[in-house]
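Welcome, and please get your viewer ready.

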Amino acid sequence: MTTLEFSYSLNKLSSSLKPFALKLTRDMDDANDLLQDTMVKAFTNKDKFTEGTNLKAWLYTIMKNTFITNYQRMVRRGTFVDTTDNLHYINSGDILVENGAYGDFTMDDIYAAIEKLEDVYKTPFMMHYRGFKYHEIADKLNIPIGTVKNRIHIARKLLKEDLHVYQHKN
């Protein structure tokens, strides 16, 4: 495929990519930026496209990966999106002040609530909290995976009830 044919194909498919970009970003300007980034990446990497394969699917993959990369970069920077009408990106890392005492009290309450759980709920909950997958917990405790999920659900429900004072009221 010549560069001109490739460029024509990209241009033809760009309108079908815009709804996907809007679905990912939920903002028209960000969607346009994502679409533009996708087209630039596709054009600069045209040598990696295999002629005869699905160009549209290739572009969707580039767009999805670009969106994920941009999102991860934003999270790593500690930037959050202000959802007011102005929609500014604000970097709050320089002015953040934390009250460690409040966090200590909270963690003490959480640990106390966990300790109050019956072992039958506490053990699978803590294993899941430490990163074990449901099937690993089921294997270790020699119980069905459905039972593991149920016990973790019950533990969360009991903790939520016990720690209701920390629920945010809107």
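**Stop one: a charged pair**

Select Glu115 and Lys122: they form a salt bridge, and their closest N and O atoms are 3.4 Å apart. A salt bridge here is a side-chain nitrogen of Lys or Arg within 4 Å of a carboxyl oxygen of Asp or Glu. Side chains of opposite charge can pair when their charged atoms come close.

Before you move on, a word about what is on your screen. This is a predicted model, in which local features need pLDDT of at least 70 and side-chain atom pairs count only at pLDDT 80 or more, while totals for chains, interfaces and linings use all residues. Residues are numbered from 1 along each chain as its sequence is written, and side-chain values use heavy atoms, with hydrogens and water left out.

Is Glu115 buried or exposed? Glu115 is exposed, because its relative accessible area is 55%; buried means under 20%, exposed over 50% and partly exposed in between, with a 1.4 Å probe and protein chains only. Lys122 has a relative accessible area of 14%, so Lys122 is buried.

Helices are DSSP runs (H or I, at least four residues), numbered from the N terminus. Asp119 is exposed, with 51% relative accessible area. Show Glu115 again, and you have a network of salt bridges that links Glu115, Asp119 and Lys122.

Next, select Asp162 and Lys116. Their salt bridge has its closest N and O atoms 3.1 Å apart. The pair joins distant parts of the chain, 46 residues apart: Asp162 is in helix 7 (residues 145-162) and Lys116 is in helix 4 (residues 100-116). Asp162 is partly exposed at 33% relative accessibility, whereas Lys116 is exposed at 61%. How many salt bridges does the rule give? The count comes to three.

**Last stop: a serine**

Finally, select Ser14 in helix 1 (residues 3-25). Ser14 counts as buried because its relative accessibility is 17%. A polar atom of the Ser14 side chain lies 3.0 Å from the backbone oxygen of Asn11. Leaving aside neighbours within four places in sequence, Ser14 is in contact (heavy atoms within 4.5 Å) with Leu35 and Met39.

How values were computed:
Helix = DSSP H or I, 4+ residues; strand = E, 2+ residues; numbered from the N terminus. Polar contact = N/O pair within 3.5 Å; in protein donor to acceptor, adjacent residues only side chain to side chain.
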